[in-house]
Every structure is written in structure tokens, then in C-alpha cells.
Amino acid sequence: MTISTEDRQFILDVAQSGLHEVQMGMLGVERGTNNDLKAYAQRILDDHTLSNAEVQALARLKGIALPDPTKTDGPAISLSRLNGIDFDQAFVREAIQDHLKDLAEFEKEDQSSASDSDIKGFAHSTLPKLRSHLEQAKALKL
């Protein structure tokens, strides 16, 4: 079975985004000054660690090579240079932007009639968690 260019790109984007979220979660747990933010960061870390495992399994199943998971991305590097309330505010801004972008990609995949059924199923089942992450990020009071 051949995977479409769109589905392949979706898996690559999701893998990259998932690694970014894990790095963000670790930074939030380590550097956050607000307990709600730390709790949110831990939830992001736990949820995205699980969904990353799903993405890796899906990629293996579909024969898609994923990017190097040890590479730290730009936004996480710039965030790691901040401290205190500056860190907390930048973390929340980044979390909201990331999840808006992820939601758009997952909704597009979920609604595409051309999607591979396994990949579409993954997108569909992940959407509620992404929506929840976005709402939680927006609700953080700093």
C-alpha cells in the first residue's frame, strides 16, 4: 500500500511537533515558576510521550523514516534561555501557538477523504487531547 505525500508529510510534521512538545514539557517542569504551569507541562510531557510512541509505530507500519529524535529545536532552545515570569509567559505563548497549529493539521487530516485509514484514525483519536491541551494552556493564569 502506498502512502500519499500528504499523509507522509503529516506523519513527519506530527513526529517533529511531538518531539518539540516533549522538549517543551521538560523545560516547563524544570523551569516553570508557577505550579499550574508545571502541572500542565507534566501533562504535555506525558501525553506527547504516549502519542510519539503511536506516531513511531504508525511510521514503522507505513515505512516512513522519522527525523532524528535527539535534535533540539529552535523554539525550545530560545525558551531555555529565559527564567522566571519571562519563561512562564513565553512557555504559555508557545504552547498556545503550537496547539493551534497542531489542531489545524490534525483536523485537516481527520477531514481528508484521501487519508490512509490508520493515519486518519490516529488524527481523529488525538484531536480531543489536543483541544484539551489548548484550552488548558489558555486557562493558565500567570
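Which residues line the largest pocket? Glu6, Asp7, Gln9, Phe10, Asp13, Glu105, Lys108, Glu109, Ser112 and Ser115 do. A pocket here is an open set of points on a 1 Å grid over the protein atoms alone, with protein on both sides within 12 Å along at least five of seven lines, and lining residues have an atom within 4 Å of a point.

Ground rules. This is a predicted model: local features need pLDDT of at least 70, side-chain atom pairs count only at pLDDT 80 or more, and totals for chains, interfaces and linings use all residues. Residues are numbered from 1 along each chain as its sequence is written, and side-chain values use heavy atoms, with hydrogens and water left out.

Back to the pocket. Its volume is about 190 Å³, as the space filled by probe spheres set on the points. H1 gives the most to the lining, with 5 residues. Helix H4 (84-111) also supplies at least two. Helices are DSSP runs of H or I, at least four residues. The lining divides into 1 nonpolar, 3 polar and 6 charged residues, where Asp, Glu, Lys and Arg count as charged.

Next, His20, in helix H1 (residues 5-31). Buried or exposed? His20 is buried, because its relative accessibility is 7%; buried means under 20%, exposed over 50%, partly exposed in between, with a 1.4 Å probe on protein chains only. Leaving aside residues up to four places away in sequence, His20 touches Asp73, Pro75, Ala76, Glu94 and Asp98. Contact means heavy atoms within 4.5 Å.

Last, Ser125, in helix H5 (residues 117-139). Ser125 is partly exposed, because its relative accessible area is 49%.

How values were computed: 1 Å grid on protein atoms, 1.4 Å probe; cavity = no way out; pocket = protein on both sides within 12 Å on 5 of 7 lines; lining within 4 Å.
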